[in-house]
Amino acid sequence: MTLLLIVNHVFSQDKFTISGYLKDKADGEALIGATIYVSEIKSGTVANIYGFYSLTLPKGKYTITTSYIGYTPVIHSIELTENIKLSLELENASHALETFEVSAEKEKKNVDETEMSTVTLSMEKVKKIPALFGEVDILKTIQLLPGIQSGGEGTTGFFVRGGSSDQNLILLDEAPVYNPSHFLGFFSVFNQDAIKDLKIYKGGIPARYGGRLSSLLDIHMKEGNTKRMSVSGGIGIISSRLTLEGPIKKDKSSFIISARRTYADLFLKLSPDSNLRQNQLYFYDLNAKVNYQLNENNRIFLSGYFGRDVFKFSKEFAMNWGNATGTLRWNHLFSNKLFSNFTLIYSNFDYNLGVPEGTEAFEWTSRIIDKNAKADFTFYANPKNTIRFGLGTIHHTFKPGDVKSIGNSSIFNDFTLSNKYAYEHSAYLSNEQNISSKIKVHYGLRASLFQNIGTDTSYAFNTSNPNSYQVNDTITNKSGAFNNYFNLEPRLSIRYLLNSKSSVKATYNRMTQYLHQANNSTSSSPLSIWFPSSRIVKPQLADQVALGYFRNFKDNIFETSVEIYYKKMQNTIDFRDHAELLLNKYLEGELRFGDSYSYGIELLLRKQKGQFTGWIGYTYSETKREIPEINNGKAYFAPYDRTHDISIVASYDWSERVNISSNWVFSTGQAITVPTGRFEYRGNIIPVFSDRNAERMPTFHRFDISLTLEGKKWNEKPAKKNGKKRWRYESNWNFSIYNVYRRQNAFSIVFKQNQDNPTVTEARMIYFFEIIPSISYNFKF
């Protein structure tokens with residue numbers, strides 16, 4: 001009886017909730033991942049992507065410390081006798097965390113949290129890294145992290161832990177971006193002035209995300225300044241940018257509009273050559289977002305992105321491609337412990353190419369469209385349990401190719417590949433739980449169902465000849481759902497705290513991918529074709545396990561980590577030799593299926609505080625494929641395999657107005673297939689090739705450097721004579737040099753017969769960049 005009374009007393013203790021939003025004092029932007037720490041329980045929580053937090057505690061007195069990297073921490077002493085709404089605005093302060101011991105105690109999330117194989121980067125840090133042509137690029141920045149390899153010299157394509165480029169899920173305000181590059185891969189579509197921050201998951205991906213095997217790149221747009229109107233932008237040698245943001249209703253609603261455009265084509269119009277004057281060569285981006293706080297429990301966000309590349313070479317060739325996304329979100333608080341987000345998403349990627357005039361005039365159009373509805377919930381049960389659950393549905397539309405002749409004299413006939421449609425449903429449940437002071441776990445389960453729907457024509461193939469499948473039957477579906485694929489995807493992350501400065505972590509996740517890309521190049525190409533799983537093309541599966549050791553030094557100034565991983569992938573897709581991918585209605589007959597695996601070790605030393613910041617990353621990895629009908633069934637390297645990869649990134653604040661930054665990268669050369677011999681057959685020279693991807697291109701390395709000079713700031717303050725306020729004006733000049741020591745890094749290698757001696761084959765290296773200096777001017781007022 002006594003024990004029962006004690007138990008009843010414990011569970012009947014009065015508990016109350018403290019909740020609210022954490023924002024930047026200067027512009028009202030949400031502080032994603034800000035830490036709320038309760039000294040008395042030596043625990044706390046972090047703010048979600050909207051800056052919301054919630055903590056339920058027993059009745060009593062508490063000391064609450066709120067902190068965020070680069071901001072002055074705020075300390076509150078409260079007496080919790082009822083539910084409290086406590087929304088705070090933190091003030092940016094240079095090196096503030098070095099002078100506040102309480103904040104430093106919590107600035108070790110890399111040790112304390114269950115997350116591993118993830119990195120968060122703010123745009124302030126990204127902007128300091130030297131960039132090609134001075135164009136700040138988040139995709140090139142993440143290529144400098146361990147476990148992430150570049151697709152080639154100067155390109156934005158990236159490969160994560162043995163996965164191909166289509167196995168990366170790239171989200172912009174939750175909308176998928178299918179082609180994240182401009183200028184055939186040399187620039188990304190993400191305008192630096194419109195982006196708030198980004199987070200890359202290489203493993204341990206939470207259950208609320210799915211659809212790709214290898215990684216998640218989660219990018220958040222700015223919400224717009226809720227305090228005052230602000231104009232910012234920049235002028236560079238390639239493009240210019242302009243951003244306008246401000247309050248619609250102060251502290252309640254705000255907007256942001258950000259635009260970028262290149263202007264190489266404008267100079268072409270000055271050419272004396274009439275053909276050059278008719279050429280077009282440019283890209284543009286437009287980001288827009290508006291939000292409105294209806295009341296304490298409801299807030300609406302509407303955001304969109306629109307971007308396009310346009311190439312036109314006189315009357316001979318024309319090509320354009322682009323993305324369009326839209327996201328409508330409604331945040332609703334059912335209670336101070338239950339946060340919800342309801343979302344409608346639209347995403348479109350399309351490309352057009354052809355010949356505008358003449359007997360060969362035609363236009364080819366291809367696109368993929370997503371329409372997505374989902375609901376996500378977070379229940380802050382108590383300081384030891386945070387439960388997330390939700391569900392969603394995506395409607396996919398695939399239009400692989402529609403070719404139309406232009407004019408009466410065109411020799412082309414109209415041709416259309418059949419459209420395909422599919423549903424992708426999902427539901428998930430997860431919990432982040434503090435089991436004890438040393439053990440914390442994050443476990444969850446995602447269920448996904450994929451269905452082909454609507455009218456569909458597919459083909460059956462005779463596979464007796466592995467080099468060339470022959471069509472032997474046509475299969476037609478007139479309506480309804482078919483080819484149903486259901487998968488369960490468990491996720492698990494465990495952290496064991498060794499002491500206050502170090503921990504050991506382990507993760508396991510299964511991922512399923514139902515959408516695939518036909519692209520036999522490692523560089524970014526807008527002509528890639530997306531296609532769904534089908535009767536022949538099974539969903540790709542990946543199981544990844546990882547183990548890591550995390551250790552901080554000198555009051556958390558230095559962060560170090562060692563991670564090892566192993567990933568096993570099923571139903572891996574590759575292409576037969578000499579595959580025909582474009583405008584091929586028998587595309588599935590060009591595909592070959594098997595398994596692949598990747599393993600590696602990643603080392604990271606990172607410093608985020610002080611005048612000198614940066615990181616050193618090293619990766620050793622190996623990625624191989626085993627497909628019975630390729631390479632005589634022998635395992636072979638994936639084309640993006642890099643055995644060694646090193647990145648050194650350094651940034652030094654020489655003074656308040658001068659910053660010097662640099663980076664050096666090194667990696668093993670790309671795996672390629674080369675001719676090893678030849679023979680003559682009926683007067684023709686036939687090459688003999690090595691095993692697939694058995695040789696390597698030369699090693700890759702490059703050094704970049706930049707100098708940023710801040711202009712004198714004009715602070716907003718009353719003038720002496722008339723008492724009016726002056727605008728606050730900030731500016732800087734950025735000077736950068738890409739490839740300082742003029743390394744000729746191979747973009748590709750081609751093999752050609754020697755013109756003087758046709759019996760000799762020569763290897764010729766193609767490279768794009770030697771040394772590239774650039775200058776840009778940036779401003780904000």
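How many bridges join strand β2 and strand β5, and in which sense do the two strands pair? Select residues 35–38 for β2 and residues 60–67 for β5. The two strands pair in the antiparallel sense, over four bridges. Keep in mind throughout that this is a predicted model.

**Stop 1: the sheet**

Now widen the view. The open sheet here has four strands, in the order β3-β2-β5-β6, and the pairing is antiparallel. Select 43–46 for β3 and 74–80 for β6. These are the edge strands, and each pairs on one side only. Neighbouring strands in this sheet are turned by 25° against each other on average, direction ignored. What holds strands together in a sheet? Strands pair through backbone hydrogen bonds, either parallel or antiparallel.

**Stop 2: H396**

Select residues 385–405. This is strand β26, and H396 lies in it. Is H396 buried or exposed? H396 counts as buried, because its relative accessibility is 2% and the cut-off for buried is under 20%. Next, show the side chain of D370. The side chains of H396 and D370 make a polar contact at 2.6 Å.

**Stop 3: aromatic rings**

Colour Phe, Tyr and Trp. The whole structure holds 40 aromatic pairs. Go to F349 and Y351. Their ring centres are 6.2 Å apart and their planes meet at 55°, so this pair is tilted. F349 and Y351 are both buried.

Move on to Y597 and Y599. Here the centres are 6.5 Å apart and the planes are at 5°, so the pair is stacked. Check how open each residue is. Y597 counts as buried, at 17% relative accessibility. Y599 is partly exposed, with a relative accessible area of 30%.

Then select F133, F183, F186, F187, F283, F311, F313, W321, Y738, F747, F768 and F769 together. They form one aromatic cluster.

**Stop 4: charges over rings**

Which residue lies over the face of F301? Select R329: it lies over that face, at 5.6 Å from the ring centre.

Terms used: Residues are numbered from 1 along each chain as its sequence is written. This is a predicted model: local features need pLDDT of at least 70, side-chain atom pairs count only at pLDDT 80 or more; totals for chains, interfaces and linings use all residues. Side-chain values use heavy atoms; hydrogens and water are left out. Buried means under 20% relative accessible area, exposed over 50%, partly exposed in between (1.4 Å probe, protein chains only). A polar contact is a pair of N or O atoms within 3.5 Å; within protein, one must be able to donate a hydrogen and the other to accept it, and residues adjacent in sequence count only if both atoms are side-chain atoms. Two strands pair if DSSP finds at least two bridges between them. Axes are lines fitted to C-alpha atoms, for helices over the stretch in contact, and angles run from 0 to 180 degrees between N-to-C directions. Rings of Phe, Tyr and Trp (its six-membered ring) pair if their centres lie within 6.5 Å; planes under 30 degrees apart count as stacked, over 60 as edge-to-face and the rest as tilted. A charge sits over a ring if NZ of Lys or CZ of Arg is within 6 Å of the ring centre and within 35 degrees of the ring normal.
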